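This briefing sets out the computed features of a single protein chain. Please consult it alongside the sequence and the coordinates shown here.

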Amino acid sequence: MASYDRYRAGGSQRPLETGDTWWYAAVAGEAAGSFITRVRTRTRRACLGAVLVLTVVYAGLVLTATGRRWGDAAVTGRRADTAAATLLREHPSLAGLTTVSLVAGCVLLLAVGLIRKRYALTGAAAGAVVTALAVTGLLQRYAPRPRLLDTGGALVPSGFPSAQTTLALGVAFGLTLVVPYRLRGLAVGAGTLWAVAVGAHTIAAGRHRPGDVIAAALVVLAVHCGLLAFLARKGKVRPGARRGAALRGLPATVPLGILAAAGLGAGFWLLGDTLALPATAPYDPAELRLAHRCGQALAAGVTAATGLLLLGLLRRVELDGAPSPYRLGGPFVEAAGAPGDGELVGPFTEDHDHEIS
């Protein structure tokens, strides 16, 4: 092991693969173990942070009466919001278009991975989507919550988290594993914008509360960060290009950043007024409309922010393939004989007739 290959945390060494040492020393400027440890640490912390924020959202919007009242007002306020009501009334095909887009997104994710022959990463991306949907289903079925009844006295099924948003954002985040590194920002940014639109439609149509969409975004972020931490632990990451990749993604990441900042800013600014709703009806239609717009802003802002956070965690991190092995031609190598497949070759050989004194 070369002098610049440090030990991993815990004192154990990662077995070097062909090309590992020279790639990280020459291109990344650091040892392979230290780069991998850094990526694994930040993705693991992001996973734990997403779980913590999800717990806070669940406690605040599901277990408290104020949070439930705010969520109900945001859903009811869609009727008072004339802009959203008019859009859905004049374009009833949006519901079917949302379903078709979800199916098309899943097909696109699998097709890109299979065409590029990234079979293992395609399977990992599909597994992450399925895991996120499974976690969503378990939370919908088993997470403790008060019994919610409709006006007829029937039990209302829980929509926390939103399965549609989970699927859309899971597909968008899965693109990080199958698209080329130079197109990651553009693909994931555009996919996240699409997921924001899916979440906004579910709220405007009354299928989900804003907290359901926010929770779905946090579930997907936690699952994908956990997957990335696992890939880093297995040594499947390496440094990416330092220039060029971020510029290609600006057409998608700039609108995503503006949406995240505007959504979170407007949502938190309106939140103080909408939480002061009376405990019982009747409610002022203006307050309901304000609650709906506040919920839409917060849901869009959080979803966009999770996409930016994932791209930030993977900045200059390559997941596509492995580094090329070190090869050097010339008379010294030819004198030593042709190297075997997977054999690490350098400028000096064991042929003492050509040794430099």
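The protein chain has 13 helices and two strands; helices (H or I, at least four residues) and strands (E, at least two) are DSSP runs, numbered from the N terminus. This is a predicted model, in which local features need pLDDT of at least 70 and side-chain atom pairs count only at pLDDT 80 or more, while totals for chains, interfaces and linings use all residues. Residues are numbered from 1 along each chain as its sequence is written, and side-chain values use heavy atoms, with hydrogens and water left out.

**Overall composition**

- Of the 357 residues in the protein chain, 43% are buried; buried means under 20% relative accessible area, exposed over 50%, and partly exposed in between (1.4 Å probe, protein chains only).
- Accessible areas come from the Shrake-Rupley method with a 1.4 Å probe, and for residues only the protein chains shown count as cover.
- Among contacts between residues at least 6 apart in sequence, 77% join residues at least 24 apart, where contact means heavy atoms within 4.5 Å.

**Helix packing**

- Helix 7 (residues 163-178) packs with helix 8 (residues 184-204) at an angle of about 180°, and their axes are 8 Å apart. Axes are lines fitted to C-alpha atoms, for helices over the stretch in contact, and angles run from 0 to 180 degrees between N-to-C directions.
- This angle makes helix 7 roughly antiparallel to helix 8; angles under 35 degrees count as roughly parallel, over 145 as roughly antiparallel, 65 to 115 as roughly perpendicular and the rest as oblique.
- Helix 7 contributes residues including Gln164, Ala168, Ala172 and Leu175 to the contact, and helix 8 contributes residues including Ala187, Gly191, Trp194 and Val198.

**Salt bridges**

- A search of the whole structure finds two salt bridges, each defined as a side-chain nitrogen of Lys or Arg within 4 Å of a carboxyl oxygen of Asp or Glu.
- One of them joins arginine 209 to aspartate 72, with the closest N and O atoms 2.7 Å apart. The pair links distant parts of the chain, 137 residues apart: arginine 209 is in the loop between helix 8 and helix 9 (210-233), and aspartate 72 is in helix 3 (residues 65-80).
- Arginine 209 is partly exposed at 26% relative accessibility, and aspartate 72 is partly exposed at 33%.
- Arginine 293 forms a salt bridge with aspartate 81, the closest N and O atoms being 3.3 Å apart. Arginine 293 belongs to helix 12 and aspartate 81 to the loop between helix 3 and helix 4 (82-90), so the pair ties together parts that are 212 residues apart in sequence.
- Arginine 293 is partly exposed, with a relative accessible area of 41%, whereas aspartate 81 counts as buried at 6%.

**Surroundings of tyrosine 58**

- Tyrosine 58 lies in helix 2 (residues 32-61) and counts as buried at 15% relative accessibility.
- Leaving aside residues up to four places away in sequence, tyrosine 58 touches Leu63, Ala143, Pro144, Arg145 and Phe160.
- The C-alpha atoms of tyrosine 58 and alanine 215 are separated by 7.6 Å, although these residues are 157 residues apart along the chain.

**Backbone geometry**

- Most residues other than glycine have a negative phi, and most peptide bonds are trans.
- The peptide bond from phenylalanine 160 to proline 161 is cis, with omega near -5°. Proline 161 is in the loop between helix 6 (119-142) and helix 7.
- Lysine 117 has a positive phi, near 60°. This lysine 117 lies in the loop between helix 5 (94-115) and helix 6, and is exposed at 59% relative accessible area.
- Arginine 316 also has a positive phi near 60°. Arginine 316 occupies the loop between helix 12 (285-313) and strand 2 (317-318), and is partly exposed at 30% relative accessible area.

**Nonpolar surface patch**

- Leu247, Leu250, Val254 and Ile258 make a nonpolar surface patch of about 380 Å². Patches are made of residues with over 30% relative accessible area and no salt bridge: like charges are joined within 9 Å, and nonpolar side chains (Val, Leu, Ile, Met, Phe, Trp, Tyr) within 5 Å.
- Helix 11 (residues 250-274) supplies the largest share of the nonpolar patch, three residues.
- Isoleucine 258 lies in helix 11 and is exposed, with a relative accessible area of 54%.
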